[in-house]
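Here is a short note for a colleague who is new to this model. Please read the points with the structure open.

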Amino acid sequence: MTTTFPDISINTDRLVLRALEDVDAPALAEMMNDEMVAAWTAVPQPYTEDAAHRWIAEYAPTERTAGRGLDLAVTEFLTQRLVGIIQLSHTDWRVRSTELSYIVAPWARGEGYATEAALATAQWLFGDQRFERIELRTAADNTASQQVAQKIGCISEGVLRNACIARTRTEDGTWADLRTDFIVWGLLPEDLEGVEDQMAEAGYSSFTDWS
């Protein structure tokens, strides 16, 4: 039984999802220092380029080869500019399930990139990798992330109370931990039925190819 993800490239009309490369480090560090990323993730702040290089050269390859997950750079097809990250984690190969998360650079928000990248990843997982479940967890107040989950067909399955640590700015400009709830979303293969048509109606291509 396969217990690791392949070295994959996933393509849509607008995006290419591929393995992180060393040249991504400056843009990756800039993205991780964004206020919204700091507020809703556990990314260390400030986030340095050295940390980005370690993620690319050490963490991401180790997670993939160990079978725990997969980290993909989301890039614009035309410009090759890094617009975000798709991350798979907590993978259970017996159950064929994994947890999906996404981050989008501030300049690229509002373009539907997170939805397009998440849907393409789900199509690949269900179609090529024969996965049976994808799980997402969004902080209770992170409405942007929740909207992405809904757009790709996820079903809200419940709330994990006090299970999430977000961050908020204090009066002196530092970050302070803020405990909140996680909303758990589930996505099954049959949940994608009709999502492609809805994406097309909204003006976004749902065509996905992988190699």
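Buried means under 20% relative accessible area, exposed over 50%, and partly exposed in between, with a 1.4 Å probe and protein chains only. By that rule C164 is buried, with a relative accessible area of 4%.

1. Basis. This is a predicted model, in which local features need pLDDT of at least 70, side-chain atom pairs count only at pLDDT 80 or more, and totals for chains, interfaces and linings use all residues. Residues are numbered from 1 along each chain as its sequence is written, and side-chain values use heavy atoms, with hydrogens and water left out. Helices (H or I, at least four residues) and strands (E, at least two) are DSSP runs, numbered from the N terminus.

2. Cysteines. How many disulfides does the structure hold? It holds 0. C154 is in no disulfide, and the nearest cysteine sulfur, that of C164, is 17 Å away. A disulfide is a pair of cysteine sulfur atoms within 2.5 Å.

3. A pocket is found on a 1 Å grid over the protein atoms alone: it is an open set of points with protein on both sides within 12 Å along at least five of seven lines. A cavity, on that grid, is a set of points where a 1.4 Å probe fits but cannot get out. Lining residues have an atom within 4 Å of a point. Grid points are joined across faces, edges and corners, and a volume is the space filled by probe spheres set on the points. The largest pocket holds about 1300 Å³ of space. Its lining has 47 residues, and W40, T41, S101, Y102 and I103 lie nearest the centre. Elements giving two or more residues to this lining include α2 (35–40), α3 (49–65), α5 (143–151) and β7. β5 makes the largest share, with 6 residues.

4. Ala, Val, Leu, Ile, Met, Phe, Trp, Tyr, Cys and Pro count as nonpolar; Asp, Glu, Lys and Arg count as charged; the others, Gly among them, count as polar. The lining of the largest pocket divides into 26 nonpolar, 12 polar and 9 charged residues.

5. The cavity. The structure holds 1 cavity of 30 Å³ or more. About 40 Å³ of space lies in the largest cavity. Its lining residues include V74, I86, Y102, I103 and A117. β4 (82–92), β5 (97–104) and α4 (113–127) each supply at least two residues of that lining. Which element gives the most? β4 does, with 4 residues. The cavity lining has 10 nonpolar residues, 1 polar and no charged.

6. Strand β6. Is β6 (residues 133–139) largely enclosed or open? Of its 7 residues, 5 are buried, so β6 is largely enclosed by the rest of the structure. Two strands pair if DSSP finds at least two bridges between them. β5 and β6 pair in the parallel sense over 3 bridges, and E99 stands opposite E135 in β6. On β8 (residues 175–187), β6 runs antiparallel, joined by 6 bridges. There, T138 has I183 of β8 as its bridge partner.

7. The crossover. β5, α4 and β6 make a right-handed β-α-β unit. Right-handed means that, with the strands pointing away from the viewer, the path from the first strand over the helix to the second runs clockwise.

8. Backbone points to check. The peptide bond from Q45 to P46 is cis, with omega near -10°. P46 sits in the loop between α2 and α3. Q80 is not a glycine, yet its phi is positive, about 65°. Q80 lies in the loop between β3 (70–76) and β4, and is exposed at 63% relative accessible area. R130 also has a positive phi, near 60°, in a residue other than glycine. R130 is in the loop between α4 and β6, and is exposed at 54%.

9. Two strand residues. L17 lies in strand β2 (residues 15–19) and is buried, at 0% relative accessible area. I165 lies in strand β7 (residues 155–169) and is partly exposed, at 38%.
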